[in-house]
Amino acid sequence: MKAANPQTGARIEPTRLGYNSRFQFRCHPDVSCFTQCCRGIKIILTPFDVIRLKKRLELPSDQFLAIYTEPHLLEKTGLPMVTLKAMDDEQSSCPFVRDEGCLVYSDRPTACRYYPLGVASLQHKEGADDDGFFFFIHEPHCKGVEENREWTVAEWRQDQQVDLRDQVNAEWTDLVVRKRSFPPSIQLTAKARQMFFMLSYNIDHFRQFVFESSFLKRMPVDEAVRHQLRSDDVALLKFGVNWLQDILFKQNDPLKQESLTTPR
Ligand code: SF4
Ligand code: SF4
């Protein structure tokens, strides 16, 4: 059971961890703190997390968002994002936690997989200057750190299958990181923020937009790709992110980028 919980007494180790850094940790159903990390949650969801969870719960993306998430603005970017909505109980529990564990374990969010590690940046690509991208989260209740099992960060990521998730989210995180580099005087318009939110989290609505508006008349897309986009959420997410990247960044000067940005 693993959940990122940066509030509620979490102590962040100042040490920046790289792929070969080592840490000691083991989580299993017999630890005395079992499921405590799934209370008092504040878990940022990535687009791939939403795709996996809404599929697991057999919900359209707008219903999943309405029932299970809360909207926020991502710090320093003004971009909309969502967190998992805690239940209205005394402990602000995750809606998926039960005494016996996580109901959606094989589809649990990326942050739950990384825990007790945090990711120091939204961008964490293999091959980049990755040292310092990770840090250790010490929460007083977590007894997993007392268990006798050592990992490297790379081993942990592989064990938790976050490599695949980071790969799917990579272009999306690039977009967010690039937005951070906009001068503070340049703001995205409401239209751009809505578009970012729709393709990031409301993927079924984005599919409707692509196929039921004049979008494909204005943007030629190969028939084989169209076919794939009709049913493949991950392919549609990548397509949407590339499209938005092109619109926002194809001219290096963000001031020139038509109606999606505006000087403040
Ligand atoms: S999704 Fe699962 S692992 Fe993550 S906080 Fe909820 S119950 Fe815990
Ligand atoms: S050991 Fe840590 S991660 Fe595992 S259940 Fe306890 S608090 Fe959660």
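A residue is termed buried if 20 or more other C-beta atoms lie within 10 Å of its own, exposed if 12 or fewer, and partly exposed in between, with C-beta atoms placed from the backbone. The model is predicted: local features need pLDDT of at least 70, side-chain atom pairs count only at pLDDT 80 or more, and totals for chains, interfaces and linings use all residues. Residues are numbered from 1 along each chain as its sequence is written, while chains are lettered from A and ligands numbered from 1 in the order in which they are written.

**Overall fold**
- The chain contains ten helices and twelve strands, taken as DSSP runs (helices H or I, at least four residues; strands E, at least two) numbered from the N terminus.
- Of the 264 residues in the chain, 30% are buried.

**Helix H7**
- Helix H7 (residues 203-212) has Ile203, Phe206, Arg207 and Val210 as its buried residues.
- Seen down the axis of H7, these residues line one face because they fall within an arc of 105 degrees, the arc being that of the directions from the helix axis to the C-beta atoms.
- Exposed Gln208 and Glu212 lie on the face of H7 turned away from the buried side.

**Contacts of Leu199**
- Beyond its neighbours within four places in sequence, Leu199 is in contact (C-beta atoms, placed from the backbone, within 7 Å) with Phe206, Leu237, Gly240, Val241 and Leu244.

**Ligand 2**
- Ligand 2 is surrounded by 14 residues, counted where the C-beta atom, placed from the backbone, lies within 6 Å.
- The closest are Cys27, Cys33, Cys37, Cys142 and Gly144.

Note on methods:
Two residues are in contact if their C-beta atoms, placed from the backbone, lie within 7 Å.
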